[in-house]
Amino acid sequence: MIYTERTNLNHYRGLSSYLDQAIDYLCNHTLGNSHTGHYEIAGEQIYMNVFEYETLSEENAFFEAHKKYTDIHIIVSGEENVGISDFSKVSVKRYEEEQDFYEIEGPVEQYIKLVPEKVLILFPEDAHKVKLAVGRPSIVKKVVLKVYVD
């Protein structure tokens, strides 16, 4: 897991070629004008999903992880908490290979507050519970880049 300011992303180059390409994209594009939807950046290796939603209470949120992709989460507007646990500390309820989606259950080890311009990079070992309300539910616009693990 990496939690940093968007302006510091260049410090994380060299971890993988696809992550470097994703960092290039994030450093050279304004995200605020992106409409909800799916955007290919480099085919299936790097793509972006833009979401707008209302944050949830912890009991209504889901815990997930991925095997083939690293997630890069950036809030465009609003704020949310993300619960994180090491994959070795949780249990897998099911895995959907086509969607690269583990449904997870178990304890959250720590919470990270995401606000605009903060970046949370979650690797396959980082199980994450997303869309958590900060205090009470609110509307969030978020960008998630999916970066193939090479």
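**Figure 1. Aromatic pairs in the predicted model.** The structure holds six aromatic pairs, a pair being two rings of Phe, Tyr or Trp (its six-membered ring) whose centres lie within 6.5 Å. Tyr47 and Tyr69 form one that is edge-to-face, with 5.7 Å centre to centre and 65° between the planes; planes under 30 degrees apart count as stacked, over 60 as edge-to-face and the rest as tilted. This pair links distant parts of the chain, since Tyr47 belongs to strand 3 and Tyr69 to strand 5, 22 residues apart. Strands (E, at least two residues) and helices (H or I, at least four) are DSSP runs numbered from the N terminus. Both Tyr47 and Tyr69 are buried, that is, under 20% relative accessible area, whereas exposed is over 50% and partly exposed lies in between (1.4 Å probe, protein chains only). One aromatic cluster is formed by Tyr18, Tyr47, Tyr69 and Tyr148.

**Figure 2. Lysine residues over aromatic rings.** Lys131 lies over the face of Tyr53, at 4.8 Å from the ring centre. Lys129 lies over the face of Phe63, at 5.5 Å from the ring centre. Here NZ of Lys or CZ of Arg must be within 6 Å of the ring centre and within 35 degrees of the ring normal.

**Figure 3. The largest nonpolar core.** Among its 19 residues, Leu26, Leu31, Met48, Ile72, Ile121 and Leu145 touch the most other members. Such a core is a set of buried Ala, Val, Leu, Ile, Met, Phe, Trp, Tyr and Cys residues joined through side-chain atoms within 4.5 Å.

Residues are numbered from 1 along each chain as its sequence is written. In this predicted model, local features need pLDDT of at least 70 and side-chain atom pairs count only at pLDDT 80 or more, while totals for chains, interfaces and linings use all residues, and side-chain values use heavy atoms, with hydrogens and water left out.
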